[in-house]
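Work through the exercises below with the sequence and the model open. Try each task before reading its solution.

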Amino acid sequence: MKLLVTGGAGYVGSVCAKVLIERGHEVVVLDDLSTGNADAVPEGAAFVEGDLATESQPLLADGSFDGVLHFGAKSLVGESVIEPESYWYGNVVKSLDLLEAMRESGTTRLVFSSTAATYGEPETTPITEDAPARPTNPYGASKLAIDHAITSYAIAHGLAATSLRYFNVAGAYAGLGENRLVETHLIPLVLQVAIGRRESIAVFGTDWPTPDGTAVRDYIHIRDLAEAHVLALESAEPGKHRIYNLGSGNGFSVREVISACERVTGSPINAQDAPRRAGDPAVLVASSARAIAELGWSPQHTQLDEIVADAWTYLQSLGDRARG
């Protein structure tokens with residue numbers, strides 16, 4: 001298939017583009033490089049530097065594309081609270097531009113990069129797709145709004161669509177990993193302490209109702225995540241919008257992540273206790289039962305030390321290319 005990958009110079013988009021190329025697909029990456037890296041565009045992909053709002057229509061206009069994998073988005077939760085306007089425009093309005101370009105060109109398949117942030121603070125775990133969607137920040141709300149738009153396009157226009165709601169993505173694959181100017185994810189932040197680029201890591205809350213008092217999260221390896229995208233693309237059905245949670249199904253606490261980073265790197269990690277952050281749930285763990293049953297997906301890299309080790313190898317390889 002000929003595929004457009006929006007945001008394909010970012011962490012998740014670049015790895016998914018790489019796996020698609022390995023599977024024999026023709027890939028065109030569209031990215032404005034506002035947060036992505038040009039050197040992350042995988043070999044074998046055509047690259048168009050440009051804005052989703054202005055470039056998606058001319059790119060898709062000739063009707064030669066079979067599908068779109070949509071990763072292009074603004075994704076910083078804290079920033080979304082301070083600058084909600086940029087999230088409603090950057091995530092929602094531009095995604096509507098993409099949906100219109102797909103409709104006009106007859107591009108019929110879509111895989112959308114959604115998020116567990118659509119659920120907000122869940123009442124129970126593991127979290128299923130039937131859990132109420134009650135986002136607590138503009139980032140999660142913008143992603144949920146796109147999900148609603150996709151559903152309506154599937155019903156009205158026969159779009160074959162899948163939304164994948166990620167939990168905590170980590171690790172690296174084929175020389176591609178996290179390399180962002182503003183890093184907010186726990187594993188790369190802890191590894192930055194180990195490599196000497198950061199003095200300490202803050203542990204937000206030590207009195208949560210969890211075994212060691214620190215928050216518990218579900219970490220999914222980027223390679224497993226990419227495989228789910230391939231399966232979602234191949235199994236999409238016209239007129240249907242399916243939504244799947246993607247996680248390993250295992251929960252690891254902040255202290256367990258820090259300990260794993262110490263084991264992998266052989267370096268002590270300076271961790272500083274800090275107050276809880278408003279809006280942080282104690283536990284976020286996915287139920288991926290629906291994806292396993294309907295997509296035939298099976299995560300293969302679920303050991304925390306393996307996920308950390310891949311991220312560590314990638315971080316060490318960056319040298320002066322490191323951005324954060």
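Helices (H or I, at least four residues) and strands (E, at least two) are DSSP runs, numbered from the N terminus. The model is predicted: local features need pLDDT of at least 70, side-chain atom pairs count only at pLDDT 80 or more, and totals for chains, interfaces and linings use all residues. Residues are numbered from 1 along each chain as its sequence is written, and side-chain values use heavy atoms, with hydrogens and water left out.

**Exercise 1. Backbone exceptions**

Solution. Start from the background. Most residues other than glycine have a negative phi, and most peptide bonds are trans.

Step 1. Phi of A174 is near 55°, a positive value in a residue other than glycine.

Step 2. Apply the accessibility cut-offs. Buried means under 20% relative accessible area, exposed over 50%, and partly exposed in between (1.4 Å probe, protein chains only). The relative accessible area of A174 is 45%, so A174 is partly exposed.

Step 3. L33 is not a glycine, yet has a positive phi of about 60°. Its relative accessibility is 23%, so L33 counts as partly exposed.

**Exercise 2. One loop, two residues**

Task: characterise P126 and T136.

Solution. 

Step 1. P126 lies in the loop between β5 and α5. The peptide bond from T125 to P126 is cis, with omega near 0°.

Step 2. T136 is placed in the loop between β5 (109-115) and α5 (138-157). Its relative accessibility is 47%, so T136 counts as partly exposed.

Step 3. List the contacts of T136, where contact means heavy atoms within 4.5 Å. Leaving out residues up to four places away in sequence, T136 touches G120 and E121.

Step 4. Compare sequence with space. T136 and G279 are 143 residues apart in sequence, and their C-alpha atoms are 7.1 Å apart.

**Exercise 3. Helix α7**

Task: check the span of α7, and decide how far α7 is enclosed.

Solution. 

Step 1. The expected span of a helix is 1.5 Å times one less than its number of residues. Helix α7 (residues 222-235) has 14 residues and should span 20 Å; its end C-alpha atoms are 20 Å apart, which agrees.

Step 2. Of the 14 residues of α7, 12 are buried, so α7 is largely enclosed by the rest of the structure. Among them are R223, D224, E227 and H229.

Step 3. S298 and D224 are 74 residues apart in sequence and 7.8 Å apart in space, C-alpha to C-alpha. S298 is in the loop between α9 (289-295) and α10. With a relative accessible area of 42%, S298 is partly exposed.

**Exercise 4. Helix pairs**

Task: what angle do the axes make in the pairs α1 and α7, α8 and α10, and α2 and α4?

Solution. Axes are lines fitted to C-alpha atoms, for helices over the stretch in contact, and angles run from 0 to 180 degrees between N-to-C directions. Angles under 35 degrees count as roughly parallel, over 145 as roughly antiparallel, 65 to 115 as roughly perpendicular and the rest as oblique.

Step 1. The axes of helix α1 (residues 11-22) and α7 come within 9 Å and cross at roughly 60°. The two helices α1 and α7 are therefore oblique to each other. Their contact includes V15 and V19 of α1 and A226 and V230 of α7.

Step 2. The axes of helix α8 (residues 254-265) and helix α10 (residues 304-318) also come within 9 Å and cross at roughly 60°. That makes α8 oblique to α10. Residues in contact include A260 and V264 in α8, and V308 and W312 in α10.

Step 3. The axes of helix α2 (residues 52-60) and helix α4 (residues 84-105) come within 9 Å and cross at roughly 10°. That makes α2 roughly parallel to α4. Residues in this contact include L52 and L60 of α2 and Y89 and M102 of α4.

Definitions and conventions. Contact means heavy atoms within 4.5 Å.
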